[in-house]
Amino acid sequence: MALFKKRTVGKPGEWYYCLVHKKVEEGPECPAKDRFGPYAAREEAQHAMDLARERNLEWENDPKWHDAPTGRADDD
């Protein structure tokens, strides 16, 4: 019997996209730091990287995140 049992995060029926293995996984197969999710369905997890790419583009083009220059020398 082990003194310390490793706790897993996530539950079966929750789907994740593993950034290390580049595949969809169900439940807590990889550490949380290495995955996107949880998603309700396998199909959603399969498109995790597409969704991240879309969100990154939205953020990069969001005028609220492109503040006016402050006039500091390091803003060139």
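Arginine 53 is partly exposed, with a relative accessible area of 48%. Partly exposed falls between buried (under 20% relative accessible area) and exposed (over 50%), using a 1.4 Å probe and protein chains only. This is a predicted model, where local features need pLDDT of at least 70, side-chain atom pairs count only at pLDDT 80 or more, and totals for chains, interfaces and linings use all residues. Residues are numbered from 1 along each chain as its sequence is written, and side-chain values use heavy atoms, leaving out hydrogens and water.

Arginine 53 forms a salt bridge with aspartate 50, at 2.9 Å from N to O. A salt bridge puts a side-chain nitrogen of Lys or Arg within 4 Å of a carboxyl oxygen of Asp or Glu. Aspartate 50 is partly exposed too, at 34%. Both residues sit in helix 2 (residues 48-60), three residues apart, about one turn of the helix. Helices are DSSP runs (H or I, at least four residues), and strands are too (E, at least two), numbered from the N terminus.

## The other salt bridge

The structure has two salt bridges. Lysine 33 pairs with aspartate 34, with the closest N and O atoms 3.3 Å apart. Lysine 33 is exposed at 69%. Aspartate 34 is buried at 16%.

## A buried arginine

Arginine 35 lies in strand 3 (residues 35-39). Arginine 35 is buried but has no salt bridge. Glutamate 25 is the nearest side chain of opposite charge, 6.1 Å away. Lys and Arg count as positive, Asp and Glu as negative; His and the chain ends are not counted.
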